[in-house]
Amino acid sequence: MQIGGKAHNPRSGEWLGSLNPATEEVWAMIPRASVEDAEVAAAAAHEALRGAWAKLTPTQRGALMFRLADLLERDAELLAQLDARDNGKPISELRKQYAYLPQHWRYFGGLVDKLEAQVIPVDRNGVFNFTRHEPVGVVLAITPWNSPLVIASWKVAPALAAGCTTIVKPSEHASISTLHFAKLVAEAGFPAGVVNVVTGYGHEVGEALVAHAKVAKVTFTGGEAGGRAVSTLAAKHLKPTVMELGGKSPVIVFDDADLDRAVPTVAVGIFSSSGQSCVAGSRLLLQAGIYDEFLRRLIDRARAIVVGDPLSAETAMGPITTRAQFEMIQSHLFDAHEQGAICAFKGERSSNFPSGGLFLPPHIFTGVTPQMRVWREEVFGPVLAVMRFETEAEAVAIANDSPFGLAAGLWTRDLDRALRLHKELQAGTVWINSYRGVSSMTPLGGFKRSGFGRENGQEAVREFLQTKSVWMEYQ
Ligand code: NAD
């Protein structure tokens, strides 16, 4: 691990095996941090907050973030290779993610010296009032396994831009790229303790950090159960949180949509990362006039997906990252069949890859009703549920009938309809004639049970600032 600018072994001496999901073999060992390690990390981050990090000017802090961006660019291929082995995401997708990541760091590095405050003309004579934006303190970033370092960067870069120091607790299933990132932070020359990385279980070191008095704010991405545990514990300590949770995002395709664009985008929206994406477009609503043609073309598209070795450039779908998740998806497939959904398509893994591993091909279910589990719950796997609709009002009602509200897709050539409906859809992101676009520059986050607070964009920095009002009287 990396704590206080130094390599740090777990005080317990215990290590955990990290599995390669394509083979189910242990390919790396990660430290199993305990309460004692949490204590050291919190102390290091707290010391840097008022010390070396606070002493740098905003421009100097930004320059360090630019240097880190350059190192991320240098090591992009290595980071892609590490994640492909650690979480099974296809190398083609990882190369794109890591090609973009330096830009993310440059965006937030560029914001550091532009956080202006206000002079407020309060309604008294002889008073000069102004505001200051100050860092909230030590930020704890808890990340999931599906895009470990990208999601860590969504948290750490804006927190550093705000002047906070950070502790990252990556998923126990995919910590390796974040551990390499910690080395790059040291190489870039950040003062000790500004970015600390602590690995291990959520219920052990994760909870110790959430509860720690020196941690001021927690930003969490993960599933609903973990999110509930973290926000409950944080609330007990009156600690604010940002929660990025799951989704069950609807994609609505109207009769007038451009199917040549919609079909491949819908396929990528659900099947990339084997469906292990928080914004996966897992509920497809097709208007009656294009239902049959769309489904036929989508199945052709899904049939062409290469499921196999994540390290092969042709692979579009790698394995499921963990055995528990693999079994969870199987239980969803079982229930979909039991509850009467029709499996309209089931793909196959590619023939050139050896047996074993946690591979699951794409599935498309029709004959789905709103009560079915496959329609209501997040599967977090390559499983698409399809429903037919007739009218615009019906589509919106079905789309919004969900406890989640992370994202929604809308396919239509009718500008009036697009402008009407994006306001109706209860989701933190609405993609019109597109899907899954994410940028450092625009906010991402959930409505309803998909979470609260925002990542990316200038809003992300505000999550880590607190405003001070300063009064001065003069004669
Ligand atoms: P998870 O909730 O199991 O784990 C996420 C992280 O939380 C891990 O680091 C884990 O160790 C930690 N954790 C779990 N319980 C904890 C506890 N009690 N105290 C402290 N830390 C704890 O999630 P996962 O299975 O790794 O990821 C999949 C989930 O993440 C899906 O539901 C997915 O939709 C969601 N997700 C959301 C977004 C988003 O931006 N909204 C992005 C990616 C993934």
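**Helix packing and the ligand site**

Helix α10 passes α11 in a right-handed crossing. Before going on, please keep in mind that this is a predicted model.

α10 covers residues 259–271 and α11 covers residues 291–303; their axes come within 10 Å and cross at roughly 55°. That angle makes α10 oblique to α11. On the α10 side, the contact is made by Leu259, Asp260, Ala262, Val263, Pro264, Val266, Ala267 and Phe271. On the α11 side, the residues are Glu293, Phe294, Arg297, Leu298, Arg301 and Ala302. Sorted by class, this contact of α10 with α11 has 10 nonpolar residues, four charged ones and no polar ones.

Next, the pair α8 and α9. Helix α8 is residues 202–211, helix α9 is residues 224–236, and they pack at an angle of about 30° with their axes 9 Å apart. Roughly parallel or oblique? An angle under 35 degrees counts as roughly parallel, so α8 is roughly parallel to α9. The crossing of these two, α8 and α9, is right-handed. Glu207, Val210 and Ala211 of α8 make the contact with Val230, Leu233 and Ala234 of α9. The residues in that contact of α8 with α9 divide into five nonpolar, one charged and no polar.

Helix α3, residues 58–74, packs against helix α7, residues 176–188, at an angle of about 130°, and the axes are 9 Å apart. α3 is therefore oblique to α7. This crossing of α3 and α7 is right-handed. From α3, the residues that meet α7 are Leu64, Arg67, Leu68, Leu71, Leu72 and Arg74. They meet Phe181, Leu184, Val185, Glu187 and Ala188 in α7. By class, the contact of α3 with α7 has eight nonpolar residues, three charged and no polar.

For Lys169, an N or O atom in the side chain is 2.8 Å from an oxygen atom of the ligand. For Glu172, an N or O atom in the side chain is 2.6 Å from an oxygen atom of the ligand. With Ser171, the backbone is involved: one of its backbone N or O atoms lies 3.5 Å from an oxygen atom of the ligand.

That is what I have for today.

Technical notes:
Residues are numbered from 1 along each chain as its sequence is written. This is a predicted model: local features need pLDDT of at least 70, side-chain atom pairs count only at pLDDT 80 or more; totals for chains, interfaces and linings use all residues. Side-chain values use heavy atoms; hydrogens and water are left out. Axes are lines fitted to C-alpha atoms, for helices over the stretch in contact, and angles run from 0 to 180 degrees between N-to-C directions. Helices (H or I, at least four residues) and strands (E, at least two) are DSSP runs, numbered from the N terminus. Angles under 35 degrees count as roughly parallel, over 145 as roughly antiparallel, 65 to 115 as roughly perpendicular and the rest as oblique. A crossing is left-handed if the near helix is turned anticlockwise from the far one by less than a right angle, and right-handed if clockwise. Contact means heavy atoms within 4.5 Å. Ala, Val, Leu, Ile, Met, Phe, Trp, Tyr, Cys and Pro count as nonpolar, Asp, Glu, Lys and Arg as charged, and the others, Gly among them, as polar. A polar contact is a pair of N or O atoms within 3.5 Å; within protein, one must be able to donate a hydrogen and the other to accept it, and residues adjacent in sequence count only if both atoms are side-chain atoms.
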